[in-house]
Amino acid sequence: MGGWCSSAPPRAVYDRPATRFVATFLGAANVLEGAADGQGGFACPGLGATLRPVALPAGCTALALRPERILSGAAAPPDGVEGVVEEVAFRGDDSLLLVRAPGGAQLRVSHAEEDGPPPPRGAALRLGWEAASLVPLAG
């Protein structure tokens, strides 16, 4: 059987995918490429930042970050990254933003309707996340 099968509950598989395939197949998570920096951080050139996940296994080269786990604007922590909104797609209860990070990576970001109107294309937008939202991936 393939490595994507799991006996975990669906919510657990969605929130904590084990592989790149599962991360992108279930809900199109952002996959952040990089490498451990030897000091507990994860150097991510595409974001132009060093991330601090809660757990970082040796040899980890990718982290998953769900669009709905990304905080934006005033809700983002001050140590986040500044990006530029490239696309805005209305989806009913939220909008999907495509935001270009300083290192060139494009992130999918969910923007809830209750947070007000989404920022327009071309707007600068601060992004951040909780350390527990960064999920190490295998393969």
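Which side chains meet in a salt bridge at 3.1 Å, N to O? They are those of Glu 86 and Arg 100, where a salt bridge is a side-chain nitrogen of Lys or Arg within 4 Å of a carboxyl oxygen of Asp or Glu. The pair links distant parts of the chain, with Glu 86 in strand E7 and Arg 100 in strand E8, 14 residues apart; strands here are DSSP runs of at least two residues, numbered from the N terminus.

This is a predicted model, in which local features need pLDDT of at least 70 and side-chain atom pairs count only at pLDDT 80 or more, while totals for chains, interfaces and linings use all residues. Residues are numbered from 1 along each chain as its sequence is written, and side-chain values use heavy atoms, leaving out hydrogens and water.

Strand E7 (residues 81–90) pairs with strand E8 (residues 94–100) in the antiparallel sense over 6 bridges, pairing requiring that DSSP finds at least two bridges between two strands. Glu 87 has Leu 98 in E8 as its bridge partner, and in the hairpin of E7 and E8, with 3 residues between the strands, Gly 92 takes a positive phi near 105°. Arg 91 forms a salt bridge with Asp 94, the closest N and O atoms being 2.8 Å apart.

E7 also pairs in the antiparallel sense with strand E10 (residues 124–128), over 4 bridges, and Val 84 stands opposite Ala 124 in E10. Glu 82 forms a salt bridge with Arg 126, with the closest N and O atoms 3.8 Å apart. Glu 82 lies in E7 and Arg 126 in E10, so this pair ties together parts that are 44 residues apart in sequence.
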